[in-house]
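Reader: I would like to go through the labels attached to this model one at a time. For each label I will ask for the value and the rule behind it.

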Amino acid sequence: RGGARGHRGGKMASTAAGKQRIPKVAKVKNKAPAEVQITAEQLLREAKERELELLPPPPQQKITDVEELNDYKLRKRKTFEDNIRKNRTVISNWIKYAQWEESLKEIQRARSIYERALDVDYRNITLWLKYAEMEMKNRQVNHARNIWDRAITTLPRVNQFWYKYTYMEEMLGNVAGSRQVFERWMEWQPEEQAWHSYINFELRYKEVDRARSIYERYILFTLLVLVHPDVKNWIKYARFEEKHSYFAHARKVYERAVEFFGEEHMDEHLYVAFAKFEENQKEFERVRVIYKYALDRIPKQDAQNLFKNYTIFEKKFGDRRGIEDIIVSKRRFQYEEEVKANPHNYDAWFDYLRLVESDTDAETVREVYERAIANVPPIQEKRHWKRYIYLWINYALYEELEAKASKRTRQVYQACLELLPHKKFTFAKMWLLYAQFEIRQKNLPLARRALGTSIGKCPKNKLFKGYIELELQLREFDRCRKLYEKFLEFAPENCTSWIKFAELETILGDIDRARAIYELAIGQPRLDMPEVLWKSYIDFEIEQEEYEKTRNLYRRLLQRTQHVKVWISFAQFELSAGREERLPRCRQIYEEANKAMRSCEEKEERVMLLESWRSFEDEFGTDATKERIDKLMPEKIKKRRKLQAEDGSDAGWEEYYDYIFPEDTANQPNLKLLAMAKLWKKQQQESEAAAMDPDKDIDESQT
């Protein structure tokens, strides 16, 4: 039993060991928050406060004899040597070791440590500086010079060595030695500040000629080696000469700088400095020339400061013309920026051209026009060309009116007409302007050729009208007839053309041709304004006093349309045409019109006819005719009708006025019954009112 129990126990132990033990989670009985809450911020603050608690300082060790001192030195040196042996590349360990030896006045040992450190890393700048500073602190001048020489020989591009070396020599009063170090430095062609340090060194000792020679060498390096091709170096050189009252030399420096940079690398700062120098010398014309020269050559976006200084100068020393030139230049710059940002902004081009036309020569204006017209719209749609075409028109007008160059004007017109895509669209204005220009030049064949070409390539109503107007002014009536024939073949529906053609024949006295033209016109299947054409034909026959033909025209027109205005016009014609039977004829026309308008759905037109008829009867009719027309006048009543929205839903009711004609009520008994019912209701209301007030006189109501 014991063995079985032990076997079973071992098996259970191995099974439990094979399973991963799950730690028990403590059950929290009270999950309510504690009364005193501790935040993370409070924990961090307490930890920081404990860090600041001062630890007790280590006990002070007092050395009483030489043996203890030597023992201390030995232990300290052993510690430093162990640190160096562990990591030789950590230069801070070497520097601490050397500074400790220096504090013990063991200069020789410190020097040995620095030398060992330089063998490890001779490129470390801090090591050289600490080494040299140690020698200078201990007044070991020759050792310090030796270290600086080694440093600048080993690392000649470290400017700090050169600055320290020259400063040391200058502090020792060795001006010649300091100058010699500077000369060695300049052979390496250092940066700009090194040259200026050398110049300032010479100026401290009043060596102006030496400083000038250094500037010359510096500029020479700039010219040949291009180490520092910067404008400010030239400006500093010129200001140096100006400061020492060598004004001719300063001007020469500026001129050399302008020549050196040329037109490819122009800088506004150079010209501003040059102009201010000349301004200080009271050379105002020179200043103005410098500013204008620079503004003409420097890109506008790089000349903001130049514009500003030029404006200030002109306000101080210039006249009104000079100030206006500055304003124009600024506006030109603004327009240049606009057209550069969007070359197809034609409004900006118009403003720019208006500016240059007012204040520049012809060549400049032509250059701007050429730049403007070079921006052809990318899409061949007329709406995109409407603004663009005016650039060509203004260009041609400028050449003709301002420049007085007829040949160039002709070239402009021809170039524009060649550019236009006539198969898609054209501009009749351009063709007509070109023809008018040729007429002003007394070149009639070219004008006719241009208009004929336009009609052949891209016929338009405006082109035909312009060509016909031209021939009319020249009294070439046969050409006008041919043009009208071509025009009517191109646009037979144009009523205005038919009317103008007939009027031309009327003016020429050919009545039969005019009448034939009108007959052809009204016989066209499609017309844009037929009412105007018929009216013109009728007026033509009235002018010729052909009253029977006029009546026939009215009858033919009424066969096509029963419009109320035609009837009224016919009646007024009869009233004005005949002498004896005009009133019966006019009344008969009104009778016919009234019968014809009974079936018309537009009751307003029928009312208009009756109003016209009543006006006629009031003026020329008798009492009987007046009474008759009064009986024909309709009654105006208010009605309501149901409205529907677009989606078919109910939109409410609206009120409108309707007309009820007596002739219609006689034929419709329902309307007559309704009128009698309304009259009965009115009588009932009056009777009730009289019964409620018996003292009221009711004779009038009974009547």
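Author: Start with exposure: buried means under 20% relative accessible area, exposed over 50%, and partly exposed in between, with a 1.4 Å probe and protein chains only. This is a predicted model, in which local features need pLDDT of at least 70 and side-chain atom pairs count only at pLDDT 80 or more, while totals for chains, interfaces and linings use all residues. Residues are numbered from 1 along each chain as its sequence is written, and side-chain values use heavy atoms, with hydrogens and water left out.

Reader: What makes Glu101 and Arg77 a salt bridge?

Author: A salt bridge is a side-chain nitrogen of Lys or Arg within 4 Å of a carboxyl oxygen of Asp or Glu. The closest N and O atoms of Glu101 and Arg77 are 2.8 Å apart, so the pair meets the rule. The two residues link distant parts of the chain: Glu101 sits in helix α4 (residues 91–103) and Arg77 in helix α3 (residues 66–86), 24 residues apart.

Reader: Why are Glu101 and Arg77 called buried?

Author: Glu101 has 0% relative accessibility, so it counts as buried. Arg77 has a relative accessible area of 15%, which is under the limit of 20%, so Arg77 is buried.

Reader: How do you know that Asp82 and Lys78 form a salt bridge?

Author: Their N to O distance is 3.4 Å, which is within the limit, so the side chains meet in a salt bridge. Asp82 and Lys78 both lie in helix α3, four residues apart, or about one turn of the helix. An α-helix has 3.6 residues a turn, so residues three or four places apart point the same way.

Reader: What does the salt bridge between Glu115 and Arg150 tie together?

Author: The N to O distance in this salt bridge is 2.9 Å. Glu115 is in helix α5 (residues 107–120) and Arg150 in helix α7 (residues 141–154), so the pair ties together parts that are 35 residues apart in sequence. Glu115, at 25% relative accessibility, counts as partly exposed, and so does Arg150, at 29%. Elsewhere, salt bridges that share partners join Glu363, Arg366, Glu399 and Arg408 into one network. The structure holds 32 salt bridges.

Reader: Why is Glu268 called buried, and which residues does it touch?

Author: Glu268 has a relative accessible area of 11%, under the limit of 20%, so it is buried. Its place is in helix α14 (residues 268–280). Contact means heavy atoms within 4.5 Å, and, not counting residues up to four places away in sequence, Glu268 touches Ile298, Asp302, Ala303, Gln304, Asn305 and Leu306.

Reader: How do you know that the span of helix α33 agrees with expectation?

Author: The expected span of a helix is 1.5 Å times one less than its number of residues. Helix α33 (residues 603–620) has 18 residues and should span 26 Å; its end C-alpha atoms are 26 Å apart, so the two values agree. The buried residues of α33 include Trp613, Phe616 and Glu617.

Reader: Why is Ile38 called exposed?

Author: Ile38 has a relative accessible area of 56%, which is over 50%, so it is exposed. Ile38 lies in the loop between α1 (2–18) and α2 (40–51).

Reader: How many disulfides are there?

Author: A disulfide is a pair of cysteine sulfur atoms within 2.5 Å, and by this rule the count is zero. Cys416 is buried at 1% relative accessible area, and Cys480 is buried at 0%.

Reader: What do the chain totals say?

Author: The protein chain has 37 helices and two strands. Of its 703 residues, 36% count as buried. Residues 24 or more positions apart account for 47% of the contacts with a separation of 6 or more.
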